[in-house]
Amino acid sequence: MLNIVLFGPPGAGKGTQSQKLIDKYNLIHLSTGDLLRSEIAAGTVLGLEAKKLMDAGLLVPDEVVIGMIESKVKTHRHAAGFIFDGFPRTVPQAQGLDKLLHENGTEISCMIALRVDDEELTKRLLLRGKTSGRPDDQNEALIRKRVQEYNTKTTPVADYYAGQGKYCAVDGIGDIEEIFKSLCQHIDALKEKQEEKK
Ligand code: AMP
């Protein structure tokens, strides 16, 4: 399986690039943010609890997101692979994901980070907020809180995968197609290595 963690702060372009990658490589897109928003829209207890944290720019508890991902991975166990978008966001989530994939006979192939600076992120998110309808994109203080959560709790996840020799990064500023091309170069190299191992 080809299992990619697409990494980067809120507004880095993970959602946009994930859509393009799933089309090209026939992967399943798993975005914990999207899954949580579906729970909110469905008015579930999980959704209502998560909404309070999301509206404050804080992370939802690890067990909640790991549980959601686990059920999706099990549903799609015969897929060509997954793109994890917005997950894992903490080291315990990354450990939980490793365990879950191992139990299902697979593993993370690579984490690819999209590098974008904080000022550009705030600009992009405020712009996205005008059309996305996401309350967490419409308030600058909340955006800064989300970026701060990312900087403190999520950046260590990159070290976690670097420690496994599975980390690489591309420049996330510039033309969408150019960024996509860089991502594809990394993924194609990865696929070639996987083929050689067979
Ligand atoms: P996103 O759509 O990825 O920007 O996520 C929106 C919000 O959902 C985040 O600000 C968090 O409150 C919550 N969330 C999404 N994914 C996770 C995760 N993996 N761990 C904890 N909270 C998450």
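The legends below describe close-up views of a predicted model.

Residues are numbered from 1 along each chain as its sequence is written, and side-chain values use heavy atoms, with hydrogens and water left out. Because the model is predicted, local features need pLDDT of at least 70 and side-chain atom pairs count only at pLDDT 80 or more, while totals for chains, interfaces and linings use all residues.

**View 1. The residues around the ligand.** The shell around the ligand holds 16 residues, and Thr 32, Arg 37, Leu 58, Arg 89 and Gln 93 come nearest (a residue is near if one of its heavy atoms lies within 4 Å of the molecule). By type, the shell divides into 7 nonpolar, 4 polar and 5 charged residues (Ala, Val, Leu, Ile, Met, Phe, Trp, Tyr, Cys and Pro count as nonpolar, Asp, Glu, Lys and Arg as charged, and the others, Gly among them, as polar). Helix H2, residues 32-42, gives the largest share of the shell, 4 residues (helices, H or I, have at least four residues and strands, E, at least two; both are DSSP runs numbered from the N terminus).

View 2. A polar side-chain atom of Thr 32 lies 2.8 Å from a nitrogen atom of the ligand. Backbone atoms also take part: a polar one of Leu 58 is 2.6 Å from an oxygen atom of the ligand, and a polar one of Val 60 is 3.0 Å from a nitrogen atom of the ligand. The ligand taken alone exposes 480 Å², of which the protein buries 96% (accessible areas come from the Shrake-Rupley method with a 1.4 Å probe; for residues, only the protein chains shown count as cover).

**View 3. Val 60 in its loop.** Val 60 is in the loop between helix H3 (45-55) and helix H4 (62-75). Val 60 is buried because its relative accessible area is 9% (buried means under 20%, exposed over 50%, partly exposed in between, with a 1.4 Å probe and protein chains only). Val 60 and Asp 175 are 115 residues apart in sequence and 32 Å apart in space, C-alpha to C-alpha.

**View 4. Asp 136 and Arg 134.** The loop between helix H6 (118-132) and helix H7 (140-162) holds Asp 136. A relative accessibility of 10% makes Asp 136 buried. The side chains of Asp 136 and Arg 134 are joined by a polar contact of 3.0 Å (a pair of N or O atoms within 3.5 Å; within protein, one must be able to donate a hydrogen and the other to accept it, and residues adjacent in sequence count only if both atoms are side-chain atoms).

**View 5. Two backbone features in loops.** The peptide bond from Phe 87 to Pro 88 is cis, with omega near -5°. Pro 88 is in the loop between strand S3 (81-85) and helix H5 (91-103). Asn 26, although not a glycine, has a positive phi of about 60°. Asn 26 lies between helix H1 (14-25) and strand S2 (28-31), and counts as exposed at 60% relative accessibility.

View 6. Gly 172 is in the loop between strand S5 (167-171) and helix H8 (176-197). Gly 172 is buried, with a relative accessible area of 2%. Its C-alpha atom is separated by 10.0 Å from that of Gln 17, 155 residues apart along the chain. Ala 94 is found in helix H5 and is buried, with a relative accessible area of 0%. The C-alpha atoms of Ala 94 and Val 5 are separated by 9.9 Å, though 89 residues apart along the chain.
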